[in-house]
Amino acid sequence: MSSAPAVPPRRSWLAVRWRQFRNAPRPVVRAVASSLVVAVVLGAAYLAYDIALIRIPDLPGGDLRLAAAGLYVIGVLVTGSLLTWLIVPLPRGAGARATRTPWSAALGLFAAVPIAYLVLVVALEVVKPLLI
């Protein structure tokens, strides 16, 4: 008698997603981490400016929050893309030289867009009320 091979148990949707989260590819982790670091630093600067405008209404230069928010978003996108381009080379294959292409920067850009939004929302909706 031959026995049929054992079929592994079927995983739930949550178990599959948790496994994917724990085993994320290194380039994606690096892209998200670099964008997150840049977004936190620039978000803290934006938050400091926003709180300074609330506490000192007659700040020289006037209310430039919209321009500061635009600089924040552009800074996160550009710097996150550049850092990802620097730290995420393409797979080497048989060669010994690591190559970088615009696809590395595109990975950084795609990671930076939601990170920029989420960090700004957390800074303005969670951290700001705690500091005022």
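Which helices do the buried residues of helix 3 pack against? Here are a few notes to go with the model.

1. The buried residues of helix 3 pack against helix 2 (26-55) and helix 4 (102-131). Contact here means heavy atoms within 4.5 Å. Helices (H or I, at least four residues) are DSSP runs, numbered from the N terminus.

2. A word on the basis: this is a predicted model, in which local features need pLDDT of at least 70 and side-chain atom pairs count only at pLDDT 80 or more, while totals for chains, interfaces and linings use all residues. Residues are numbered from 1 along each chain as its sequence is written, and side-chain values use heavy atoms, with hydrogens and water left out.

3. Helix 3 covers residues 65-87, 23 residues in all. From its first C-alpha to its last, helix 3 reaches 32 Å, close to the expected 33 Å; that expected span is 1.5 Å times one less than the number of residues.

4. Within helix 3, the buried residues are A69, Y72, G75, V76, G80, S81 and T84. Buried means under 20% relative accessible area, exposed over 50%, and partly exposed in between (1.4 Å probe, protein chains only). As background, an α-helix has 3.6 residues a turn, so residues three or four places apart point the same way.

5. Now to the charged side chains: the whole structure holds three salt bridges. The term requires a side-chain nitrogen of Lys or Arg within 4 Å of a carboxyl oxygen of Asp or Glu. In general, side chains of opposite charge can pair when their charged atoms come close.

6. R65 and D50 form one of these bridges, at 2.7 Å from N to O. This pair links distant parts of the chain, with R65 in helix 3 and D50 in helix 2, 15 residues apart. R65 is partly exposed at 27% relative accessibility, whereas D50 is buried at 3%.

7. D50 also meets K128 in a salt bridge (2.8 Å, N to O). Here helix 4 supplies K128 and helix 2 supplies D50, 78 residues apart. K128 is buried, with a relative accessible area of 17%.

8. R65 also pairs with D63, their closest N and O atoms being 3.0 Å apart. D63 is partly exposed, at 49%. Together, D50, D63, R65 and K128 are linked in a network of salt bridges.

Note on methods: Helices (H or I, at least four residues) and strands (E, at least two) are DSSP runs, numbered from the N terminus.
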